[in-house]
Amino acid sequence: MLLGTPGGTPGGTPARTPDRAPLRTLGRALAAGPVLLDGGLSNQLEAQGCDLSDALWSARLLTDGPGQIEAAHAAYVRAGAQVLITAGYQASFEGFARRGIGRAEAVGLFARSVRLARQAAGAVERDVWVAASVGPYGAMLADGSEYRGRYGLTGRELERFHRPRIEALAAAGPDALALETVPDIDEAEALLRAVEGCGLPVWLSYSVAGDRTRAGQALETAFGLVRGHDEVVAVGVNCCDPADAEGAVRVAAEVTGKPVVVYPNSGERWDAGGRGWAGAPTFDPGGARAWQDAGARLIGGCCRVGPETIAELAGLLGTTAAEGWA
C-alpha cells in the first residue's frame, strides 16, 4: 500500500473509495499471475473527439480537458484493464514552460494526471493500479525522436531532465512508474539512476525494432541493465510492432528472470512528418498467449490499441470480466 490503509466496513471488507490504492502491490500481483494493462490513451481520446495536434499531445488535456482524460481511463476500466497508465507521457517541465505554464502549476498538472486515473479506477470494486507515465526525452521534442534515440545528450543531462518530473510524479502517489518507450541504453541508464530512492516500483520498457533497441543496441544488453535494481518489477517492450513482441519477451525473461511487460502498438507506423499513422493494424489479441508463455506477466496494448481489444485480452488471459467498454 503506497497511500496508507483504506477504511473498511464493520465486517472487515475494504471500502472502495475514489482515492484508495489497491490492496496488493503491483509486484505481488505479477507474482500471482498475468495483469492486464490498458491500451493507447491517445486513440481513445481521439475517439472521444479530442484534438491532439498540439506538441503536448494528450498532456494538453491536463489543462484543457481533464474530464476527457478521466473518461478515456474509465473506458479501459470498463474493458477490464487492471493498470491505467497516466497522461504524462509527453508532459515535462520544459514542454509546459513553452506553453507559459510555470513550475508550480506544472507540478499540479503532474499530480492531476495521477488523480484522474485514480478517480477512474475508483469506479469499480476491484484492484486497479495507476502507473505514472515517464516518457523518453524524445517525446518532449515532439518530432518522433523517441523512435530513434541518440539525442546528442550525455547520460547526466538526460538524468537531469528526467529526475524533477519523476520526483513530482512520485509525490503524487501513483502505484508505480512506467519508464516507457525508451529507445536506447543511454537513456535507460539515466532513468534508472533518476528513479533510485523514489520509493515506488517501476517498469522499464523499450521501443524496439526487430531484435534490437531503436538505437540499434542488443536487447540482451538493454534488458541486462535492470540487474541489481530491486525497484524494477518488470522489464520489456512497448510501442513496437506486434511481430517483434514475442522474441523480445523471451530475451527479457531469460536475461533478467523478472516478470516481463509487453504492450505493442497496433502494428501501424507513426509518420512523424505527417503526424499520422500509416499501414494496416496487425495486433492479434490471440498472440498474448504466446507472450505469456514466453514470460510476460504485464500485458496490454499501446498506440491504436483500443478498449475493444483490451476487452478481448481480458477474456483470453482470464484476468477479469470486462464490464462493457462502449
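## The largest pocket

Five nonpolar, three polar and five charged residues make up the lining of the largest pocket. This is a predicted model, so please read every value here as computed from predicted coordinates. The lining comes to 13 residues in total, and Y147, R214, E268, R269 and W270 are the ones nearest the centre of the pocket. If you have the structure open, those five residues are a handy way to find the spot. The volume of the largest pocket is about 210 Å³.

## The cavity

How many cavities of 30 Å³ or more does the structure hold? The answer is one. The largest cavity has about 420 Å³ of space in it.

Its lining takes in 30 residues, with S42, W57, Y89, C302 and C303 lying nearest the centre of the cavity. Two named elements, α2 (41-47) and β4 (176-182), each give at least two residues to this lining. By class, the lining of the largest cavity has 13 nonpolar, twelve polar and five charged residues.

## Where α6 meets α8

Now for the helix pairs. Two packed helices are described by the angle between their axes and the distance between the axes. Helix α6 (residues 103-121) and helix α8 (residues 155-171) have axes that come within 8 Å and cross at roughly 55°. That angle makes α6 oblique to α8. The crossing of this pair is right-handed.

Which residues bring α6 and α8 together? From α6 come R103, F110, S113 and V114, and they meet P164, R165, A168 and L169 of α8. Sorted by class, this contact of α6 with α8 has five nonpolar, one polar and two charged residues.

## Where α8 meets α9

Helix α8 also packs with helix α9 (residues 185-194), at an angle of about 45° and with the two axes 8 Å apart. The two helices, α8 and α9, are therefore oblique to each other. Their crossing is right-handed.

On the α8 side, the contact uses G155, R156, L158, E159, H162, R163 and I166, while α9 brings D186, E187, A190, L191, R193 and A194. The contact of α8 with α9 divides into five nonpolar, two polar and six charged residues.

## Where α4 meets α13

What is the angle between helix α4 (residues 66-79) and helix α13 (residues 307-317)? Their axes cross at roughly 30° and come within 8 Å. An angle under 35 degrees counts as roughly parallel, and α4 and α13 are therefore roughly parallel to each other. The crossing of α4 and α13 is right-handed.

In α4, the residues A75, Y76 and A79 meet P307, I310, A311 and A314 of α13. By class, the contact of α4 with α13 has seven nonpolar residues, with no polar and no charged ones.

Key: Residues are numbered from 1 along each chain as its sequence is written. This is a predicted model: local features need pLDDT of at least 70, side-chain atom pairs count only at pLDDT 80 or more; totals for chains, interfaces and linings use all residues. Side-chain values use heavy atoms; hydrogens and water are left out. Axes are lines fitted to C-alpha atoms, for helices over the stretch in contact, and angles run from 0 to 180 degrees between N-to-C directions. Helices (H or I, at least four residues) and strands (E, at least two) are DSSP runs, numbered from the N terminus. Angles under 35 degrees count as roughly parallel, over 145 as roughly antiparallel, 65 to 115 as roughly perpendicular and the rest as oblique. A crossing is left-handed if the near helix is turned anticlockwise from the far one by less than a right angle, and right-handed if clockwise. Contact means heavy atoms within 4.5 Å. Ala, Val, Leu, Ile, Met, Phe, Trp, Tyr, Cys and Pro count as nonpolar, Asp, Glu, Lys and Arg as charged, and the others, Gly among them, as polar. On a 1 Å grid over the protein atoms alone, a cavity is a set of points where a 1.4 Å probe fits but cannot get out, and a pocket is an open set with protein on both sides within 12 Å along at least five of seven lines; lining residues have an atom within 4 Å of a point. Grid points are joined across faces, edges and corners, and a volume is the space filled by probe spheres set on the points.
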